[in-house]
Amino acid sequence: MSGTSGMSGTLSTAPQASATPAAPASPARGPRRYPKLGWNILGLLVFLTAGFPLYWMLDTAFKPAKDAIDPDPSLLPTAVTFDNFRRALDIADFWGPVGRSLIVSVSVVVIGVVVGTLAALAISRFAFRGRKVVIVGILAVQMVPLVAMIIPVFLLLNDLHQYDKLSGLVITYLTFILPFTVWTLRGFIVNIPKELEEAAMVDGCSRTAAFIRVVFPLLAPGMVATSVYAFIQAWNEYLYALMLLSQEHQTATVWLGNFTTKHGTEYAPMMAGATMMAVPIVVLFLLVQRKMAAGLTAGAVKG
């Protein structure tokens with residue numbers, strides 16, 4: 001009994017082991033914040049670099065003309081005036097070139113999206129002889145510089161009696177916008193499972209009805225995104241509009257050249273004109289921004 005009591009005393013005085021293991025020390029959170037902060041700073045620098053030209057355009061458009069040519073300009077506007085916009089509207093016809101640019105851009109978008117969708121569907125869904133050649137040809141056309149095609153395009157349009165006509169400019173723009181449209185829409189169509197069309201055809205739909213009812217709603221965001229980029233390319237194109245159209249049929253981008261004369265460049269009215277030219281693009285983005293975001297992410301994940 002005495003041994004038992006001694007043993008119990010010894011056991012009572014021994015330190016008891018912990019029932020639960022000790023929690024591991026949490027890693028320091030400080031170092032993890034630095035990479036995130038670095039990416040945020042980098043993103044801010046990219047935003048400032050990309051947005052500064054737009055800010056400078058707006059600042060110059062609303063500042064007095066004498067401040068636009070100041071050798072020591074101020075980053076912040078010191079005065080606001082609308083005289084530059086009145087000057088831009090008076091120096092030459094504004095609504096005529098803008099209207100012609102809208103006609104050309106909208107025509108290019110409508111024709112390019114319709115034809116491009118059909119071509120992209122054929123390349124994506126059908127196996128035919130020369131399919132790879134067509135795909136490689138689309139990529140090859142994208143690599144040809146536009147300057148290299150000026151003389152052939154001029155001669156071709158002259159033979160077709162399309163020189164100095166908006167229809168001829170539409171045909172010209174389609175030569176480099178249509179391959180871009182086909183290639184972009186092909187990427188969206190490939191990411192739409194074929195099983196959806198096959199299931200609709202099993203239920204009694206024809207191939208055309210399956211495309212309209214199943215594929216087209218899923219392809220709509222991609223078509224909107226492609227249409228916006230095609231519109232921007234046609235709206236901002238300058239070289240062919242300058243070479244293929246006379247002064248009477250000039251577009252909005254060529255109209256901006258009226259501010260550069262032998263006496264110099266009127267920067268403030270030019271920036272006011274550029275601001276007015278940017279309005280249709282901004283309005284278009286505001287109208288389709290949701291579809292635009294959905295279209296940009298539609299091809300991120302297949303299936």
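Student: In this predicted model, what share of the contacts in the protein chain between residues at least 6 apart in sequence join residues at least 24 apart?

Tutor: Of those contacts, 72% join residues that are at least 24 apart in sequence.

Student: Why is Val 215 called buried?

Tutor: Buried means a relative accessible area under 20%, and Val 215, at 0% relative accessibility, therefore counts as buried. Val 215 is part of helix α10, which covers residues 207–236.

Student: Which residues does Val 215 contact, once its neighbours within four places in sequence are left aside?

Tutor: Val 215 is then in contact with Ile 192, Glu 197 and Ala 210; what makes each of these a contact is that heavy atoms lie within 4.5 Å. For Glu 197, which is 18 residues away along the chain, the C-alpha atom is separated from that of Val 215 by 7.2 Å.

Student: What makes Thr 117 count as buried?

Tutor: Its relative accessibility is 6%, and since the cut-off for buried is under 20%, Thr 117 counts as buried. Thr 117 belongs to helix α5, residues 95–125, and, with neighbours within four places in sequence left aside, Thr 117 is in contact with Gly 112, Leu 185, Ile 189, Phe 211, Leu 219 and Met 223.

Student: How many helices and strands are there in the protein chain, and what percentage of its residues are buried?

Tutor: The protein chain has 13 helices and two strands, and buried residues account for 33% of its 303 residues. The chain exposes about 19,200 Å², of which carbon and sulfur atoms supply 69%.

Key:
Residues are numbered from 1 along each chain as its sequence is written. This is a predicted model: local features need pLDDT of at least 70, side-chain atom pairs count only at pLDDT 80 or more; totals for chains, interfaces and linings use all residues. Side-chain values use heavy atoms; hydrogens and water are left out. Helices (H or I, at least four residues) and strands (E, at least two) are DSSP runs, numbered from the N terminus. Buried means under 20% relative accessible area, exposed over 50%, partly exposed in between (1.4 Å probe, protein chains only). Accessible areas come from the Shrake-Rupley method with a 1.4 Å probe; for residues, only the protein chains shown count as cover.
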